[in-house]
Structure formats: C-alpha cells, structure tokens
Amino acid sequence: MPLLPVIRDFAAEASDPRFYAMLGGGWSLAVADVTGSTRLAGEGRHRDVNFVAAGVVAVLSDAVRIGQEPAACQFGGDGAIAAVPPGREDAARAALSALAHWSAAVMDVPLRVGLVPVQALLDQGLEVMAALHDVGNGNSFGLFLGAGVVAADAWVKEDASWRVAPQPGPLPGLESVSCRWNPVPPRRGTVLCVIVDAVDPGAAGLLELARVQRAIEAIVPTAGAAPLGVGERLEARWPPAWRALLMEARGGRNGDAGGWATRVRRVGQAMAGSGLLVLLLKLGWRLGGFDPRRYRRHMAERTDFRKSAGGPRLVLDVTAGEADAIESLLADAAEAGSIRYGTARADATTVTCLVGDVTADRHVHFVDGAGLGFWRASVMLKAMKARQGDKVRDQARDRQGDGRMDGAARGIEAAAPLN
C-alpha cells in the first residue's frame with residue numbers, strides 16, 4: 001500500500017483535504033531555500049538558482065524514498081520542500097547538509113536548509129497533509145496542504161535552531177539534473193506565477209483556498225494553461241548555453257566539482273547528449289525506446305506548473321485579460337482578509353529537468369517564470385504578510401481587554417518560529 005495517496009486530477013482534487021494523508025508526528029519536513037536571491041537575480045544568475053532548487057529535489061527524493069515508493073518533494077523556484085517518512089530523518093539531514101555545502105562551495109549559491117519535525121508543528125495546532133500528483137508512468141510531484149508547511153518554511157528562515165549545518169558529502173541523484181532547453185515564450189500572452197496562502201490556519205483557511213482555486217479555474221481552466229502546451233514549442237539548444245554546461249559540470253553525485261578532467265568529461269557528455277537529442281527531435285527519428293514526438297508530449301505533461309504547498313502555486317500561460325482577472329480576484333480576497341498572495345508576470349517559462357531513464361519514460365520537469373518568477377511572487381507575498389501581520393496584531397491588542405482574539409491573529413502567532 002502506498003505511503004501517500006495519489007492525485008491525478010489536479011483541478012478537482014488538489015485543494016480537497018479528503019485526497020491527502022495527514023502526516024503524523026513521526027514525519028518531518030525538509031526545507032531548503034536560496035538566500036541572496038536579489039543579488040543572484042541582479043547578476044543574471046536566475047538559472048543557477050533554479051538548478052540548485054532542482055538539485056535539492058533530486059537529492060532529497062533519493063534520500064527519503066522508502067523502497068520504490070515515490071517521495072513527496074516539491075520544487076519552489078528558489079527552494080524545495082520534502083516530506084520525510086519516519087526513519088529517514090538521518091538520511092534527509094545528511095542530504096541537506098551536503099546540499100548546502102555543495103551549493104555554497106561549488107555553485108556559489110548560498111542555500112539555507114533545515115529539518116522540522118511534524119510533531120513540533122502539531123504541538124502548535126498546525127497540520128500537514130501530503131499527497132502525490134501522478135503525471136504518468138509513476139512520475140509524480142509532492143503536494144501539500146495545511147498551515148504547517150508554510151510555518152515550517154518560516155521557522156527555518158527565521159530561527160537558526162531548525163537549520164542543518166553544511167558539511168561535504170555525496171549527493172546521489174544530482175547527476176540527473178540538467179537545463180539545456182531554451183526558455184519557452186507564452187503562446188497566449190504572458191506567463192503568470194501565482195502563490196496563495198490562507199490567513200486562517202485551520203479548516204476555514206482550507207475552504208477559502210479551495211474557493212480561490214475554483215475561482216481561478218473559472219477564469220481559465222488551468223489544464224489548458226500549461227506553459228509548455230503539448231511540447232510543440234520546446235527547443236533544445238545546440239550548442240547548449242555555456243551556463244548550462246558549467247552547471248552540469250558542477251553537478252556530480254560526489255558533491256564536488258572535481259578536477260579539470262572530470263569537468264571536461266561532464267561537459268563532453270552533456271554536449272554529446274544534447275547533440276543527439278537535437279538531431280532526433282529535428283529529424284523525428286526513433287532510437288531504441290526513445291520516440292522524440294512522445295518525449296515532447298510527455299515532457300509537457302510532466303511539468304509541475306500546478307502544485308500546492310499549503311496553498312496553490314501556479315505557473316500559467318494566460319492572456320493579459322485572464323492575468324488581470326486572476327490578480328483582481330486575489331486582490332479582492334486579500335482585501336477581505338482571507339488570503340495573502342503574490343504574483344509575477346514573465347515573458348517566458350524556464351525549464352529545469354530531472355531525467356532518470358528516458359528510454360523507460362522516467363523523467364519530470366520543473367518550470368518557473370523567467371527571471372525567477374516564483375521568487376518575485378514570493379517577495380510580494382512576504383510584503384503582504386508583513387502588512388497583514390502588523391494590522392492583525394494591532395487588532396488583537398485592541399481585543400485583549402476582553403480576552404478575544406480572532407482566527408487571523410491566531411494564524412499570525414502560530415506561524416511565528418518556536419523559541
């Protein structure tokens with residue numbers, strides 16, 4: 001029996017707690033996020049950040065998996081989160097530690113990592129629900145509901161006691177990460193990145209998130225807003241961008257860049273693989289179990305453009321009018337005090353790949369808005385959270401005289417890091 005339930009219809013099931021498993025106190029949440037994203041974005045190193053975040057998913061998936069069961073891991077543009085089953089905490093801690101060392105020492109991308117026991121979240125009344133979004137042939141992404149996921153991320157960011165210190169170590173799975181595809185321009189107008197969290201940490205918040213998801217689906221059915229379409233506009237670059245080659249040269253499973261001979265070998269392998277892929281895609285030839293037309297289609301299908309990490313996280317190819325309508329919807333809900341959100345528009349979608357075995361159809365792909373769209377949306381959400389927090393705390397102080405505090409105030413307090 002699978003550890004976690006499987007979701008196949010995102011629009012109908014991903015915002016419904018009935019399709020998730022409630023994680024017990026023996027589980028943990030592994031959290032990683034890139035620090036200094038503002039500096040890295042200013043230096044034009046957007047793809048480095050995505051590469052590191054995809055690397056976290058690849059390594060954590062390998063570290064926390066039990067047998068052949070898929071791991072519930074999720075890419076967040078400039079970070080990642082994973083559900084750690086009971087008994088896999090030491091493996092997750094070792095992987096996080098090695099990832100933080102590799103990212104800073106080899107990639108020059110500072111990475112903050114931490115491990116939060118679910119029991120600590122439950123003690124604060126914060127629930128964590130997890131499921132797997134099956135995108136075909138057993139390929140899947142992690143999905144999360146509940147205020148505990150948002151709180152765990154905040155605790156690791158704000159309180160060093162939850163963090164894991166960097167240490168050198170092996171990173172199996174990292175060798176599967178690549179990003180050789182050209183950015184994909186929108187076919188309908190713009191790429192819209194959306195992040196939504198509930199203010200209320202309980203059942204009322206979950207109901208509001210479900211309502212918001214349904215309202216977005218009414219504006220534009222998200223299945224038809226997939227940023228890669230059906231794969232028809234995917235272009236593998238030849239020769240690959242030098243930054244992509246450099247990243248792959250630094251991404252070995254041993255957690256170090258290796259000597260010059262190792263780097264040259266990795267670059268050579270990347271160039272050879274890209275050259276063969278471009279040739280097969282252009283000519284439409286099959287090779288062994290590889291069908292280029294099927295690969296394009298499956299690559300588009302197996303992207304994480306729709307996910308949940310406490311609330312919806314979306315990368316959508318929409319018209320300008322649809323983007324306006326979604327942002328207006330979210331603004332109204334935020335004004336009513338039920339959600340906080342962030343959005344960012346981009347002129348293309350970037351793709352980072354995690355390829356296990358192409359011939360066995362084992363591959364998934366992580367998408368972000370160009371220019372770190374998810375990160376830009378998170379900056380907006382963080383500013384909104386700060387404004388709402390100030391307002392709610394002021395209201396709570398006004399109510400303390402008669403001993404009352406509303407659900408929004410409890411949510412703000414619950415999301416604060418433990419001492």
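**Notebook: strands, sheets and helix packing**

**Entry 1. Strand β10.** I began with β10, which is joined to strand β13 (residues 339-346) by 8 bridges, the two running antiparallel. I noted before going further that the model is a predicted one.

I next asked how many of the residues of β10 (residues 190-198) are buried. The count is 9 of the 9, so the strand is largely enclosed by the rest of the structure. I sorted its side chains by direction: Thr190, Leu192, Val194, Val196 and Ala198 point one way, while Val191, Cys193, Ile195 and Asp197 point the other way. Both sets are buried.

**Entry 2. The chain as a whole.** I recorded 13 helices and 15 strands in the protein chain. The chain has 419 residues, of which 55% count as buried. Among contacts with a separation of 6 or more, 78% come from residues 24 or more positions apart.

**Entry 3. A sheet of four strands.** I traced an open sheet of 4 strands in the order β4-β5-β3-β6, and its pairing is antiparallel. Which strands stand at its edges? They are β4 (73-75) and β6; each has a single partner strand, so one side of each is left without a neighbour in the sheet. Neighbouring strands of this sheet are turned against each other by 10° on average, direction ignored.

I examined one pairing in detail. β4 and β5 are antiparallel and joined by 3 bridges. Gln74 has Ile81, in β5, as its bridge partner.

α3 lies across β3, β4, β5 and β6, and runs at about 175° to β4. α4 packs on the sheet as well, where it touches β3, β5 and β6, and its direction makes about 165° with that of β6.

**Entry 4. Helix α4.** I turned to α4 (residues 89-105), a helix of 17 residues. From its first C-alpha to its last it reaches 24 Å, close to the 24 Å expected at 1.5 Å a residue. I listed its buried residues as Ala92, Ala95, Leu96, Ser97, Ala98, Leu99, Ala100, Trp102 and Ser103. I then asked what covers these buried residues of α4. The cover includes β3 (28-34), α3 (46-64), β5 (79-84) and β6 (111-117).

**Entry 5. Helix α3 and its two helix partners.** I followed α3 to α4 and found that their axes come within 9 Å and cross at roughly 155°. That angle makes α3 roughly antiparallel to α4. On the α3 side the contact is made by Phe51, Val52, Gly55, Val56, Val59, Leu60, Ala63 and Val64; on the α4 side it is made by Ala91, Ala92, Ala95, Leu96, Leu99, Trp102 and Ser103. I noted this crossing as right-handed.

The other partner I looked up was helix α8 (residues 242-249), whose axis comes within 10 Å of that of α3 and crosses it at roughly 35°. The crossing of α3 and α8 is right-handed. Which residues of α3 meet α8? They are Arg47, Asp48 and Phe51, which meet Arg243, Met247 and Glu248.

**Entry 6. A sheet of three strands.** I traced a further open sheet, with 3 strands in the order β9-β14-β15 and antiparallel pairing. Its edge strands, β9 (177-178) and β15 (362-369), each pair on one side only. β9 is joined by 2 bridges to strand β14 (residues 349-357), and the two run antiparallel. Cys353 in β14 is the bridge partner of Ser178. Helix α10 (residues 292-301) lies across β14 and β15, running at about 55° to β15.

**Entry 7. Ser176.** I located Ser176 in the loop between α6 (147-158) and β9. Is Ser176 buried or exposed? Its relative accessibility is 19%, and because the cut-off for buried is under 20%, Ser176 counts as buried. Leaving aside neighbours within four places in sequence, I found Ser176 in contact with Cys353, Leu354 and Val355. Cys353 is also the bridge partner of Ser178.

Technical notes
Residues are numbered from 1 along each chain as its sequence is written. This is a predicted model: local features need pLDDT of at least 70, side-chain atom pairs count only at pLDDT 80 or more; totals for chains, interfaces and linings use all residues. Side-chain values use heavy atoms; hydrogens and water are left out. Two strands pair if DSSP finds at least two bridges between them. Contact means heavy atoms within 4.5 Å. Axes are lines fitted to C-alpha atoms, for helices over the stretch in contact, and angles run from 0 to 180 degrees between N-to-C directions. The expected span of a helix is 1.5 Å times one less than its number of residues. Buried means under 20% relative accessible area, exposed over 50%, partly exposed in between (1.4 Å probe, protein chains only). Angles under 35 degrees count as roughly parallel, over 145 as roughly antiparallel, 65 to 115 as roughly perpendicular and the rest as oblique. A crossing is left-handed if the near helix is turned anticlockwise from the far one by less than a right angle, and right-handed if clockwise.
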